[in-house]
Amino acid sequence: MRTDLHTTSPLTAVRNLGILAHVDAGKTTVTERILYVTGATHKRGEVHDGTTVTDFDSQERDRGITIFAAAVSCVWDGHRIHLIDTPGHVDFSDEVERSLRVLDGAVAVFDAVAGVEPQSESVWRQADRHGVPRIAFVNKLDRAGADLDTAVESIRERLHTVPLVVQLPIGQEDEFTGVVDLLRMRSLVWGAGRDTFEDGPVPDSLREEAQRRRRLLEEAVAELHPVALEEFCTESTVSAPTLAAALRDLTRSGEGVVVVCGSAYRNCGIEALLDAVGAYLPSPLDVPAVRGSLGGTVEERVADPTAPFSGLVFKVNSTATGRLTYLRVYSGTIQKGDVVLDAGAHRSERIGRILRVQADRHEEVDQAVAGDIVAVVGLKGARAGATLCTPTAPLVFEPPTVADPVVSVAVEARRSLDTGRLASAWARLVEEDPSLTVRTDPETGQTVLSGMGELHLEVAVEKIRRTHGLDVSVGRPQVAYRETVVRGVSGLVYRHVKQDGGAGQFAHVALDVEPLEAAVGAAGDKAGAHAGDFVFGSTVAGGRVPQEYVRAVEAGCRDALAEGPLGGHPVTGLRVTLTDGATHSKDSSEMAFRTAGRLALRAALRVGVMALLEPVAEVTVTVPDEAVGGVLGDLAARRGRVSGQAARAGTAVITATVPLAELFGYASRLRSRTQGRGSFTNRATGYALVPATVSDGMLSR
């Protein structure tokens, strides 16, 4: 049902959702068909033609993938839908993280041939962390080898959820033409033009199978929902209204996932998907009130347009017409000209204009209310993660987390005259993408750009070249190594005494340093280790070290984690315990104990046994059967550990864990080994110990 985009809807009819998927699962095509079916666009955009609404950036169109999260709006059957098309490539997972922080629901898109793929699993886990309810759309049922049941089984096994399939495909592969709605027991068949569908009875050839699957759906829902169970026990069946209500409850609680299917490219199944979005995904009123802190106390803000204004910035974008700040309004109302408070920075900002976003096109509106996702113009300093609120009712929301960078390259302007312009360009780029960091190497003086992967850095450098017209040179990528404790020390005593006139410094500490067992995996790997894997404790008794000095020792130890003794890499995966200490009545201070803590831990790390950690990735390689031997040999040469191998329609799918440093240039090598028919995807899985033979060679250089 097409509806005017400007229709005002109550909060119960608002849906804020994201489209999540592995790269090439058809996520952007799904978004394009949603816009077309709802009347928001009048021509179907195609990824291969570079005509999509959401992939509007020139690099996205050149590469054929989504790089930047894009927000669009549409209306369907009285529901106002704010939709964010998120990237599917692992290097841009931070865009997904920031988007999920402001969404109430999501549609997870799966390839009907491949099922759950590595990045599908990663974004699913991200949604789990944020508690975002989801429905699943099994796409590409028109492809050779497509199988709904196999895809659903992969959802059950790999995502550890309960898939609740509410549709049955009509036809297979090239003959796929529609679906059977198992709740209404009606068929939806799309015509040759694919712009409309016919709602009719279930075909005779599928009636028995449809009844069987309806029964399976009733049994699955009854196992999870008490009202459905009661009706099932008394009536031996579950009515369609009860099923619909139960599916809505199970989706919103996360106990089950409604599964619909279709082919976005052929425009089949999009209307039914939109109906499922309206029926099962929550409105802003159905999700828990958002929580913020104020002076150490927790305060809740409900989605009420009359409440004090509060919102979270999740994206900043610099355009030719100015700085756009993307905002989710959680409570209250904002209008043009309002003054809001950036609560974290304690700075007031004025709202210049409010824009309804349609990817790279914008429509000015007079106000935004609770539940809206809009862009505002006029904010000068608000960054991604900032909380904006009414100055008289301040609070701070928890910002989205930013992952640690894992790959770095040295970059510099080819012309010395461009150095200043390049510095300002980097500052603007880091403001837009918080997962990028830029620093100056203290030893070489080079500018070092760090990000989430090789492609992430390529895109950033290319954006500098295209947007700012700067010619830059790029060094070889380097990964972010870590150092960890293999064998610690006990009872290390350190005395810090300094007297150079006036008040002196005195601090006496004794430390135990040991590996943090929680960070060590079953195979001896540091599973997901990062700079936060550090635990500090104190067993000092009798007040020998006052509590404020204990906190100073902890701060000093954290200072020491910045550089390890092996190669100056950050240290992770250790537990430090302050066991004893002594003070001086005049010369002891927090600064003295902080210095003592830093120097003591550095001394302990030099005495203990340390090891290098390197980032590793799970790689999924798809190659022709005849190329398997060569690819396995190449993975072994890259220190890869093969964890699985499966056959799929004349190809082999190999899963392996490979050090990230060994994956640079792998795409070109794989193409040459498979005559261009091989492909691979990867996702970061954490850190692992570097073999001694490899680390010795690295440290000797």
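**View 1. Ten residues around the largest cavity.** His22, Val23, Gly88, His89, Val90, Pro118, Gln119, Thr681, Asn682 and Arg683 line the largest cavity. Here a cavity is a set of points, on a 1 Å grid over the protein atoms alone, where a 1.4 Å probe fits but cannot get out, and lining residues have an atom within 4 Å of a point. The elements giving two or more residues to this lining are α4 (118-130) and β39 (679-689), and β39 gives the most, with 3. Helices (H or I, at least four residues) and strands (E, at least two) are DSSP runs, numbered from the N terminus. A word on the model: it is predicted, so local features need pLDDT of at least 70 and side-chain atom pairs pLDDT 80 or more, while totals for chains, interfaces and linings use all residues. Residues are numbered from 1 along each chain as its sequence is written, and side-chain values use heavy atoms, leaving out hydrogens and water.

**View 2. Threonine 447 in its strand.** Look for threonine 447 in strand β27 (residues 447-451). Threonine 447 is partly exposed, with a relative accessible area of 24%; that label sits between buried (under 20%) and exposed (over 50%), using a 1.4 Å probe and protein chains only. Leaving aside neighbours within four places in sequence, threonine 447 is in contact (heavy atoms within 4.5 Å) with Val409, Ala410, Val411, Trp426, Val438 and Arg439.

Terms used. On a 1 Å grid over the protein atoms alone, a cavity is a set of points where a 1.4 Å probe fits but cannot get out, and a pocket is an open set with protein on both sides within 12 Å along at least five of seven lines; lining residues have an atom within 4 Å of a point.
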